[in-house]
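Reader: Hi! Could you walk me through this one while I have it open on my screen?

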Amino acid sequence: QVQLVESGGGLVQAGGSLRLSCAASARTFSDYAMGWFRQAPGKEREFVAAINWSGGYTTYAESVKGRFTISRDNAKMTVSLQMNGLKPEDTAVYYCAAAAWNTPRRERDYAYWGQGTQVTVSS
């Protein structure tokens, strides 16, 4: 069983930055790839970024590439998402999720999900 709790969301002006964190409770956190997804009102949940078990491989949605950075600290059992150059279209509830072994981009490959944290970017 993996429990995930996101934090760091809030209100920020366009062009600003936020850093989201996800604290995990797991027997072996490093067994899992970690991902970030987001869901805006009226839209489907979409992939944002993912990182493999060791942190040596990352992948990003094209819409956030160059602006967002995913990282993890297996000793602290946390995964973070540094978001720079935020745009109003980044407004959404952001979720962290855990998947076994691989580094997938599909929702169905993630077995565990946090409750989400709201990010609002004003113009």
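**Disulfide and sheet**

Author: Happy to! Searching the whole structure turns up 1 disulfide, meaning a pair of cysteine sulfur atoms within 2.5 Å. This is a predicted model, where local features need pLDDT of at least 70, side-chain atom pairs count only at pLDDT 80 or more, and totals for chains, interfaces and linings use all residues. Residues are numbered from 1 along each chain as its sequence is written, and side-chain values use heavy atoms, with hydrogens and water left out.

Reader: Which cysteines form the disulfide?

Author: Cys22 and Cys96, with their sulfur atoms 2.0 Å apart. The link is right-handed, with 45° about the S-S bond. Cys22 sits in strand β3 (residues 18-25) and Cys96 in strand β9 (residues 92-100), so the pair ties together parts 74 residues apart in sequence. Strands here are DSSP runs of E, at least two residues, numbered from the N terminus.

Reader: Nice. Is Cys22 buried or exposed?

Author: Cys22 is buried, at a relative accessible area of 1%. Cys96 is buried too, at 0%. Buried means under 20% relative accessible area, with a 1.4 Å probe and protein chains only.

Reader: Switching topic: what is the strand order in the open sheet of 4 strands?

Author: The order is β1-β3-β8-β7, with antiparallel pairing; two strands pair if DSSP finds at least two bridges between them. At the edges are β1 (3-7) and β7 (68-73), each pairing on one side only.

Reader: And how many bridges join β7 to β8?

Author: There are 6, and β8 covers residues 78-83. Across that pairing, Thr69 stands opposite Gln82 in β8.

Terms used. Buried means under 20% relative accessible area, exposed over 50%, partly exposed in between (1.4 Å probe, protein chains only).
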